[in-house]
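I opened the notebook to work through this model from the peptide bonds up to the chain pair. Entries follow in the order I looked things up.

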Number of protein chains: 2
Amino acid sequence: MKQINIALLGFGTVGSGTARILLEQKALLEKRAGCPIHLKWICDRDLTTDRGFSVPEGILTDDLERVMNDQEVHIFIELIGGLEPARTFVLDAIRRGKHVVTANKALLAVHGEEIFRTAHENGVEVGFEASVAGGIPVIKAVREGLVANNISTVLGILNGTANYILTRMTREGIPFERVLAQAQEKGYAEADPTYDIEGVDTAHKLAIMSTLAFGSQIGLDDIYTEGISRISPLDIAFAREFGYHIKLLAIGRKREKGLDLRIHPTMIPDSHLLAQVSGAYNACYIVGDSVGKIMLYGMGAGQMPTGSAVVADVVDIARNITLGATGRVPSLGIAFDRLREPRLMPMEDLTGCYYFRFSVKDQPGVLARIAGVLGDFNISINSCVQKGRDSQDGPVPIVMLTHEAAESDVRKALKEIDSMEIVLSPTMIIRIEELDTL
Amino acid sequence: MKQINIALLGFGTVGSGTARILLEQKALLEKRAGCPIHLKWICDRDLTTDRGFSVPEGILTDDLERVMNDQEVHIFIELIGGLEPARTFVLDAIRRGKHVVTANKALLAVHGEEIFRTAHENGVEVGFEASVAGGIPVIKAVREGLVANNISTVLGILNGTANYILTRMTREGIPFERVLAQAQEKGYAEADPTYDIEGVDTAHKLAIMSTLAFGSQIGLDDIYTEGISRISPLDIAFAREFGYHIKLLAIGRKREKGLDLRIHPTMIPDSHLLAQVSGAYNACYIVGDSVGKIMLYGMGAGQMPTGSAVVADVVDIARNITLGATGRVPSLGIAFDRLREPRLMPMEDLTGCYYFRFSVKDQPGVLARIAGVLGDFNISINSCVQKGRDSQDGPVPIVMLTHEAAESDVRKALKEIDSMEIVLSPTMIIRIEELDTL
């Protein structure tokens, strides 16, 4: 049986996990794939760091030129991360007629169109199961398992770091900055955590998932993105009081007005299964017209879970090479040239319920003035809580939950409210997501 | 592009859902599969019942002979259910070189070895995603998505009827018989509910899942099976008091002593995600050495969810026919002739914690005598609750939770205890399953 040769670019965290599986599970993979899968090259600039397992002689190299030129390689695995040089290497491999497997969500969210078009033109496959939700086979589920469905909703907790921070804030009542600092110390959060906490990483993943689910090439610009850095323990405590958890959600919905795509801190009912997804775990909730509601749950990151997804793609492609069935399932679920231009719903057209936390001066008439402005913009109040101030002259928090309101009205009302001299800092908004009970 | 012709045998609930998807989503399926998928025949004895959607002229027939002999058919979908004549039709189709898709878990659990061997000999595929957990792609996840993993655990809530009954008993405190009767009235439970409530249906599904996960052909006889009909509202209330939910679990674990395969009512901690799976929903929890813990959740039955899974298999097989890649993924994850004989752990070798509810006479010294016997068999008590009796002369319940004990000791101790004259009815045992927090 034909041997499939693999070149791995990038021997960092996920690269190490992937290499370990390919080396240590070689016999298992051969038994399942029906052909030997041979890790021929691991290419990295760092040839010396101990990755905790032994790599056979002659595999590890820093000679990228030699690896890229090796005619015997069938599949390149890109685990370098970031946009460049990853993009150049991936496009180079594709143009040489090689299949590519990547875990690089940033690369696909930003350069996906170029990469998938080039792959389509060169008749090669691009596997990217590992780019969303680590080892959970969400891409395969949407593309193959739910092939009979028109998908209306893809929604999820897709960033483990943000979820870990919110979980600890919820359980321990400590501020964002302190949890973040501790997470960085322990290596759970990156030195520069911007992508994780500002929702950018989650947006990368939603771009990929919604491209697949809705059959339109979605880019980062199509997604409204807001992070969690402004969430305070006060917001979490108020949310709990009202029966909600705060989660950083990726939300993709097909609506009459177009695709509704957004990332923001979201209040979801305690009773919903997604509210129970804690720590570094991820969950992806999908609604299809036949299957109904399903949820896939597991570790969204980590070297072995992500390696598991990378190797699953490698095996899939290896089977296709062996049988001459390349392109059996198009990378994006349908042929690249059948993707539609996305029709987007402007964020201003969103309607829903909102949580507002106003920080106001402790003086008579404040509540009335705020409520008056909200009324002017057709925003009707569902519940309202005013608590004592923290310190003598500090701001007093007033919290309101609204009935269904329009995002455009909310924006106008808050602009007016935030310019009042009685309002001491910008109002905190958290959107409440309507979710059917699971 | 080559057209793939389908013959559907059985136009009942799932058959109707499947036909609807194949007819109404024809364009979508062609776009995704890359080839037209044509429902050529629906074969059923009942030609008159209105299934709620229109079937094009000439498709519906009761002429089985003609359908089976149609050389143009590529894939037979068996949705008749039960063992015979389903087995005969499936084997007949396979021997004619036709691929088969089925949702029939009983058939596969009982005649799986014969069916998969015959399919292997005839070089055809057998798709059975719909046989476990309805539309949730659990088979594809285990067989393809987790291909890089040694799976150690497959565990799940796999019967919607049993879970619905337990959920209502838990929420409303009403007895088993009453919930069952109401469920039957509403059509949620079958007229003969034995398979659902006695764990047989769950055992069918575990046989399939554990064959896939552990690479050994598992039959019904390999699985210890106990149903939920003896669970009382009292047990549920006590469980809640101790922080547990009672669920009918399918448990498959690879242990040092062999495969541990069982179906029984199980106490799981309230905090575990599986405890939150309510009503007719199913969930499947899988542990792999690379991926860690994952859980897949959704509707485990119903005509459209199950139809979604049937059609996913049809598309998979259609792609393989079109590309000449039949057998690309072996039906059981590895080639049929590479399956191992299962090495089973005897149920007596199980160890774990137990819940006992003794029904005893209300007289002095009873507790001491029971505790004495347990002590004789090395069963140590973790907590004990004795509540007042229900009626004047009725039995008094004593409930105990044990520390880790051996199943063999438990059986011996209970045999002795249940033969005491102070014990008024057989002791209720519920096993407590150790689950890592998700």
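I started with P85(A), which sits in the loop between β4 and α4 (86-95) of chain A. The model is predicted, so I kept its confidence cut-off in mind: local features need pLDDT of at least 70. E84(A) and P85(A) are joined by a cis peptide bond, with omega about 10 degrees.

I then looked up the counterpart in chain B. There, a cis peptide bond links E84(B) and P85(B), and omega is about 10 degrees. P85(B) lies in the loop between β4 and α4 (86-95) of chain B.

Next I went through phi. A133(B) is not a glycine, yet has a positive phi of about 60 degrees. I placed A133(B) in the loop between β6 and α6 of chain B.

**Sheet in chain A**

I traced the strand order. Chain A has an open sheet of six strands, ordered β3-β2-β1-β4-β5-β6, and the pairing is parallel. Which strands are at the edges? They are β3 (60-61) and β6 (126-127) of chain A, each pairing on one side only.

I followed one pair in detail. Strand β1 (residues 4-9) and strand β4 (residues 75-78) of chain A run parallel and are joined by four bridges. In that pair, I6(A) has I75(A) of β4(A) as its bridge partner.

I then asked what α12(A) touches on the sheet. The helix packs against β1, β2 (37-43), β4, β5 (99-102) and β6 of chain A. The direction of α12(A) makes about 165 degrees with that of β5(A).

**Sheet in chain B**

I repeated the trace in chain B. Six strands form an open sheet with parallel pairing, in the order β3-β2-β1-β4-β5-β6. The edge strands of chain B are β3 (60-61) and β6 (126-127), each of which pairs on one side only.

I picked the β5-β6 pair here. Two bridges join strand β5 (residues 99-102) of chain B to β6(B), and the two run parallel. V101(B) has G127(B) in β6(B) as its bridge partner.

I also noted a helix on this sheet. Helix α1 (residues 13-24) of chain B lies across β1 (4-9), β2 (37-43) and β4 (75-78) of chain B. Helix α1 of chain B runs at about 150 degrees to β2(B).

**A helix pair in chain B**

I checked helix α6 (residues 138-145) against helix α10 (residues 200-214) of chain B. Their axes come within 10 Å and cross at roughly 10 degrees. That crossing makes α6(B) roughly parallel to α10(B).

I listed the residues in contact. I139(B), V142(B) and R143(B) come from α6(B), and M209(B), L212(B) and A213(B) come from α10(B). By class, the contact of α6(B) with α10(B) has five nonpolar residues, no polar ones and one charged.

**Domains of chain A**

I looked up the division. Chain A splits into domain 1 (4-136 + 303-338), domain 2 (138-299) and domain 3 (347-432). The C-alpha centres of domain 1 and domain 2 of chain A are 26 Å apart. Domain 1 of chain A gives 20 residues to their contact, and domain 2 of chain A gives 25 residues.

Which helix gives the largest share on the domain 1 side? It is helix α5 (residues 105-122) of chain A, with seven residues. That side of domain 1 of chain A has twelve nonpolar, five polar and three charged residues.

**Chain A against chain B**

I turned to the interface.

β12(A) and strand β12 (residues 292-299) of chain B run antiparallel, joined by five bridges. Y297(A) has M295(B) in β12(B) as its bridge partner.

Last, I compared the two surfaces. Of the interface residues of chain A, 100% are also interface residues in chain B, so the copies meet through the same surface.

How values were computed: Residues numbered from 1 in each chain as written. Chains lettered and ligands numbered in written order. Predicted model: local features only at pLDDT ≥ 70, side-chain atom pairs only at ≥ 80, totals over all residues. Contact = placed C-beta atoms within 7 Å. Domains from an automatic or database assignment. Nonpolar A, V, L, I, M, F, W, Y, C, P; charged D, E, K, R; others polar. Axes fitted to C-alpha atoms, helices over the stretch in contact; angles between N-to-C directions. Parallel < 35°, antiparallel > 145°, perpendicular 65-115°, else oblique. Pairing = 2+ DSSP bridges.
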